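Please keep the sequence and the model in view while reading.

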Amino acid sequence: MTDGTFDDILASIGEAGQRMTEIDAAEAGAGNISVCLADPIAVPAAFDVVREILLPYPSPALAGHTVVTTGSGCRLRSLAGAPERHLGVVVVHEGGMAGTLHHARNGEFTRPTVEFNSHLAVHEDRARRLALPFHAIVHAQPLHLTLLSNVPEYQHTAALNDRLLRWQAETIVHLAEGIGYLPFMVPGSDELTMANLVSLRHHQLVLWAKHGVMARSDVSVLAACDRIEYAETAARYEYLNLAIGGRATGLTDAELSRIVRTFGITTDLVRHPAPDD
Ligand SMILES: [Zn+2]
C-alpha cells in the first residue's frame, strides 16, 4: 500500500473494518484503525471541515506526517461503505504537539478515537527510529484471544506463544516475533500507551489482557489485520482443544523446528530438538 493512492488507503481501511467485523472482533464501536503517511498528501475535498487540535501524545517525529484515524464511536462495520464519513485526517504540525484535523461535515466523525494516544505513540516511535514512509495500526477485540487473556495459564508472553503457535504451520511464519502479552491496564491510560509502545517494538501484535489486541504493519492495513486473524484462529483452536479436554497435540517442537528451518524463519520461540533426538 506504500505506493497506493490515498483513495486506495481509505478503501483498505474500509476493508479492514469489514474483516475485523467478520471475525467478531469489532462489535458496535469496538476497535479502531489508523494509518501514518510520511509524504504530504492532498486532502480530498470530501473532508470539508478543518480545525486545529492538540494531539493526545507528543509526536515530534511525526511533524509533517499525515495520520488517518477512525473516529470516536465509529463502527468498523460501517467503514467500507463510505470511509470518508468515518475518518479524520490529521496533518501534524512542527513540534508534534498539535495538528490540523480534516473531516466530513456530513459524516459520523466528530473527533479521533479515544485510543488515538496509543496509536500516535506507536507511529511516533516507529517513525523516529525507522523513518518509515507508511505505518498502519489496527486495534480490535477478538473473542477467543480476549477470552484466553482472562485465563491465568495464558497470562504471560512465553506461555501464550507456547500454546498458540502450535496449531497451524503458518502461524510461526507470519508471527515469528510471537504475540506480546500485557496485563490489564485501563483503556486509553498513559500506562497502557507506554507499555503498548514498548511491547510493539518487539512484537507485531500485542494482546491487551481482558480487552483486545493491537497489530502494526509497515506494509498495509490488511497485513496488520492478517496478524490478528492468524492469532485469533490460533486462539480458537486453543479454545476448541480445551473443549475436547486438551486431547489435541498441536505441532510438536520437532515439527515446528522443521517448519522454521524449511522457511528460513528467524525466531527464538521454537525449541530445536538435540541432533540425536
Ligand atoms: Zn478497545
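**Overview**

Nine strands form an open sheet with mixed pairing, in the order β2-β5-β4-β3-β1-β6-β9-β8-β7. The edge strands of the sheet, β2 (49-54) and β7 (179-182), each pair on one side only. The model is predicted: local features need pLDDT of at least 70, side-chain atom pairs count only at pLDDT 80 or more, and totals for chains, interfaces and linings use all residues. Residues are numbered from 1 along each chain as its sequence is written, and side-chain values use heavy atoms, with hydrogens and water left out.

**The sheet**

- Helices (H or I, at least four residues) and strands (E, at least two) are DSSP runs, numbered from the N terminus.
- Two strands pair if DSSP finds at least two bridges between them.
- Strand β1 (residues 32-37) pairs with strand β3 (residues 66-70) in the antiparallel sense, over four bridges.
- Within this part of the sheet, S34 has T69 in β3 as its bridge partner.

**The zinc site**

- Which residues are the protein donors of the zinc ion? They are H139 (NE2), Q141 (OE1) and H211 (NE2), lying 2.1 Å from the ion.
- Donors are N, O and S atoms within 2.8 Å of the metal (3.2 Å for Na, K and Ca); water is not among the atoms, so sites may look incomplete.
- The spacing of the donor residues in sequence is H-x1-Q-x69-H.
- H139 lies in strand β6 (residues 134-140), while H211 lies in the loop between β8 (205-208) and β9 (212-217), so the pair ties together parts that are 72 residues apart in sequence.
- Both H139 and H211 are buried; buried means under 20% relative accessible area, exposed over 50%, and partly exposed in between (1.4 Å probe, protein chains only).

**Salt bridges**

- Side chains of opposite charge can pair when their charged atoms come close.
- A salt bridge is a side-chain nitrogen of Lys or Arg within 4 Å of a carboxyl oxygen of Asp or Glu, and by this rule the count comes to 12.
- E229 forms one of these salt bridges with R19, with 2.5 Å between the closest N and O atoms. The pair links distant parts of the chain, as E229 is in helix α7 and R19 in helix α1 (residues 6-22), 210 residues apart.
- E229 is partly exposed, at 24% relative accessible area, whereas R19 counts as buried because its relative accessibility is 18%.
- D125 forms a salt bridge with R129, the closest N and O atoms being 3.3 Å apart. Both residues lie in helix α2 (residues 116-130), four residues apart, or about one turn of the helix.
- D125 counts as buried because its relative accessibility is 2%, whereas R129 is partly exposed at 43%.
- D125 also meets R201 in a salt bridge (2.7 Å, N to O). This pair links distant parts of the chain: R201 is in helix α6 (residues 190-202) and D125 in helix α2, 76 residues apart.
- Salt bridges with shared partners join E124, D125, R128, R129 and R201 into one network.

**A nonpolar surface patch**

- L147, Y239 and L240 make a nonpolar surface patch of about 270 Å².
- Patches are made of residues with over 30% relative accessible area and no salt bridge; like charges are joined within 9 Å, nonpolar side chains (Val, Leu, Ile, Met, Phe, Trp, Tyr) within 5 Å.
- Accessible areas come from the Shrake-Rupley method with a 1.4 Å probe; for residues, only the protein chains shown count as cover.
- Y239 is located in helix α7 (residues 221-243) and is partly exposed, with a relative accessible area of 38%.
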